[in-house]
Amino acid sequence: MIAPLAGRRVLVTRAQDDAERWAARLASLGAIPVILPCLVSEPLDSAPARAALRTALHNAAWLVVSSPRGAAIAATLIGVQLPAHVRVAAVGEATAAAARTHLGRVDLVPELQTSAGLGEALARRLTHDGAPQLQPVVLAGALGGRGEAEMSLRTVGAPVTRVDIYRTIPAPAGSARRDLARETIHDILLASPSAVAGLLNIARVPEGARVITIGPTTSTAARQRGLTVSAEARRPTFEGLLEAMT
């Protein structure tokens, strides 16, 4: 059986950590992923941020981290060893590896390695015989990040505190933009308006490349910047992008 994306060169425009996970999935489908990080991360490191995270963890049972950089930044903001009573849930294997390195432990990695999968898996852990165990959870992640995990946890009645510890911004413009026409790019994946801005800051988009967006907001941003959107995901997930591509 021929893989559905066999031979297609697909540009992945996410931040490096996230791009690597997407690239592995694309390769498994026969595509040739080309990683071009169009986003960079900035820690939200301030005295109030450190105090908010430490205070939230004082009474928490779980800390949820959704990216390798989130695990590293959380450890920096905590500044001391993670409290022994706090368990760690990580969205996937790469994040789990970072959590072990920086936070010293990992207690849960979901089978479905997405924000939704993490929320559902942790919600099941917090529920016993159908009755919620009201264990406080701290979600440490990106400003404006995905909210599926928080939604699942609140559904079972878990007290959730969200602490924004970093933000992603468009990659800054350099002295010369990368000419993607020379790299025979067939598809370009865009998952946020910031990724649109970052892409156009650092690269020239070739004619004929399909632009695939994760949803209406990203599509609008792409069109406003002069890009032609070839397809838009029906679900704002990576799997939704794959469906749109095929």
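Two strands count as paired here if DSSP finds at least two bridges between them. Helices (H or I, at least four residues) and strands (E, at least two) are DSSP runs, numbered from the N terminus. With that in hand, look at β13 (residues 210–213) and β14: they run parallel and are joined by three bridges. I212 is the residue that faces A231 of β14.

Before going on, a word on the model. It is predicted, so local features need pLDDT of at least 70 and side-chain atom pairs count only at pLDDT 80 or more, while totals for chains, interfaces and linings use all residues. Residues are numbered from 1 along each chain as its sequence is written, and side-chain values use heavy atoms, with hydrogens and water left out.

Now zoom out to the sheet. It is open and has five strands, in the order β2-β1-β11-β13-β14, with parallel pairing. β2 and β14 (229–232) sit at the edges with a single partner strand each, so one side of each has no neighbour in the sheet. On average, neighbouring strands are turned by 25° against each other, direction ignored.

Two helices pack on this sheet. Helix α8 (residues 216–224) touches β11, β13 and β14, and its direction makes about 175° with that of β14. As for α9, its sheet contacts are β1, β11, β13 and β14, and its direction makes about 145° with that of β13. Contact means heavy atoms within 4.5 Å; axes are lines fitted to C-alpha atoms, for helices over the stretch in contact, and angles run from 0 to 180 degrees between N-to-C directions.

Follow the sheet over to β1. Three bridges link β1 to β11 in the parallel sense, with V10 opposite D187 of β11. Four bridges link β1 to β2, also parallel, and there V12 has I35 as its bridge partner.

Between those two strands comes α1, and β1, α1 and β2 make a right-handed β-α-β unit: with the strands pointing away from the viewer, the path from the first strand over the helix to the second runs clockwise. Buried in α1 (under 20% relative accessible area, against over 50% for exposed and partly exposed in between, 1.4 Å probe, protein chains only) are D18, A19, W22, A23 and L26. They lie on the same side of α1 because they cover an arc of only 135° around the axis, taken from the directions from the helix axis to the C-beta atoms. Their cover includes β1 (9–12), β2 (32–35), α3 (68–78), β11 (187–190) and α9 (238–245). The face turned away from the buried side carries exposed A24 and S28. After α1 comes G30, with a positive phi near 95°.
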